[in-house]
Amino acid sequence: SIMSAFLKQGKVLEALDMFDAMRRDGWHPNEVTRSIIAYGLCRKGYTDQISALFRERIEKSGVVSTSIFNALLESLFRSGDDEGVDALEKRILSGSLCLVNVYTYATMIRGRCVQGKVDEARNLFSDMEKKGFQPILGCYGSIISTLCKRGEYRDAHNMFEGMLQKGIKAKGEFCLVLLKGLCIKGMAYEALRVCETVTWRCVSIGDEMFFSLLEAL
């Protein structure tokens, strides 16, 4: 609890001192404690410290908790360590290190989209569904946003429709990005569909977007 409070206040060094003191006093941190530290370090960009936690856990038991694994993966993406990401992703998909979950896939998908590798992100999305994981909003949002940046609005809208069919409620900035792109392309029917969904969630589209929609119509 104290480490979590330190990390929320941005006091990373104090949190790490507490973590070290805990081990010096003979207490063995469990996975919850390690996860708190891992995610806190990830948010602050301390990739080396997360890697150390990762290696320590591997040396002791040969496996790593999913939460620590996800934190390390996200940290590698943020630091731009493409080689580290590729190596870790291979071990993820082989199933040799930990039990992956939908958040593992969401992290990989978001990271590949940030790299501009939308095709790889979509392959990960397909693999996730084949393995029986139900995609979350973040998985869709990352890919839809990237497709919009590439001007591939038809594919982006198809993915948006697929998201709605899965019963996932549309919200987030990516919906407005998609709506604006569809209006610019003159895809009025598709734009209306997105507009209806967004406004149903009580999200204001703003005057500029409203006029863009009128122009598309």
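At what angle do α9 and helix α11 pack, and how far apart are their axes? Select residues 173-184 for α11 and residues 137-149 for α9. The two helices pack at an angle of about 30°, with their axes 9 Å apart. Axes here are lines fitted to C-alpha atoms, for helices over the stretch in contact, and angles run from 0 to 180 degrees between N-to-C directions. The angle makes α9 roughly parallel to α11 (under 35 degrees is roughly parallel, over 145 roughly antiparallel, 65 to 115 roughly perpendicular, and the rest oblique).

**Before going on**

This is a predicted model, in which local features need pLDDT of at least 70 and side-chain atom pairs count only at pLDDT 80 or more, while totals for chains, interfaces and linings use all residues. Residues are numbered from 1 along each chain as its sequence is written, and side-chain values use heavy atoms, with hydrogens and water left out.

**The whole chain**

Colour the chain by secondary structure. It holds 13 helices and zero strands (DSSP runs numbered from the N terminus: H or I of at least four residues for helices, E of at least two for strands). Of the 217 residues in the chain, 44% are buried; buried means under 20% relative accessible area, exposed over 50%, and partly exposed in between, with a 1.4 Å probe and protein chains only. Among contacts with a separation of 6 or more, 57% are between residues 24 or more positions apart, where contact means heavy atoms within 4.5 Å.

**Back to α9 and α11**

α9 passes α11 in a left-handed crossing. A crossing is left-handed if the near helix is turned anticlockwise from the far one by less than a right angle, and right-handed if clockwise. Show the side chains of L137, G141, I144, S145 and C148 on α9, and of F174, V177 and L178 on α11; these make the contact. They divide into six nonpolar, two polar and no charged residues. Ala, Val, Leu, Ile, Met, Phe, Trp, Tyr, Cys and Pro count as nonpolar, Asp, Glu, Lys and Arg as charged, and the others, Gly among them, as polar.

**α10 against α11**

On α10 the contact is made by Y153, A156, H157, F160 and M163, and on α11 by F174, C175, L178, G181 and L182. This contact has eight nonpolar residues, two polar and no charged.

**Two aromatic pairs**

A search of the whole structure finds two aromatic pairs. Rings of Phe, Tyr and Trp (its six-membered ring) pair if their centres lie within 6.5 Å; planes under 30 degrees apart count as stacked, over 60 as edge-to-face and the rest as tilted.

Select Y105 and F133. Their ring centres are 5.7 Å apart and their planes are at 50°, so the pair is tilted. Y105 lies in helix α7 (residues 102-114) and F133 in the loop between α8 (118-130) and α9 (137-149), so the pair ties together parts that are 28 residues apart in sequence. Y105 is buried, at 1% relative accessibility, whereas F133 is partly exposed, at 23%.

Next select F125 and Y140. Here the centres are 5.1 Å apart and the planes at 70°, so the pair is edge-to-face. F125 is in helix α8 and Y140 in helix α9, 15 residues apart. F125 counts as buried at 7% relative accessibility, and Y140 counts as buried at 3%.

Select L93, in helix α6 (residues 82-94). With a relative accessible area of 36%, L93 is partly exposed. Leaving aside neighbours within four places in sequence, L93 is in contact with Y105, M108, L124, D127 and K131. From L93 to D127 is 34 residues in sequence and 9.4 Å in space, C-alpha to C-alpha.

Move to R112, in helix α7. Is R112 buried or exposed? R112 is buried, with a relative accessible area of 2%. Not counting residues up to four places away in sequence, its contacts include F77, D86, E89 and A121.

End at A121, in helix α8. A121 is buried at 0% relative accessibility. Beyond four places in sequence, A121 touches I109, R112, C113 and I143. Its C-alpha atom is separated by 9.8 Å from that of T146, 25 residues apart along the chain.
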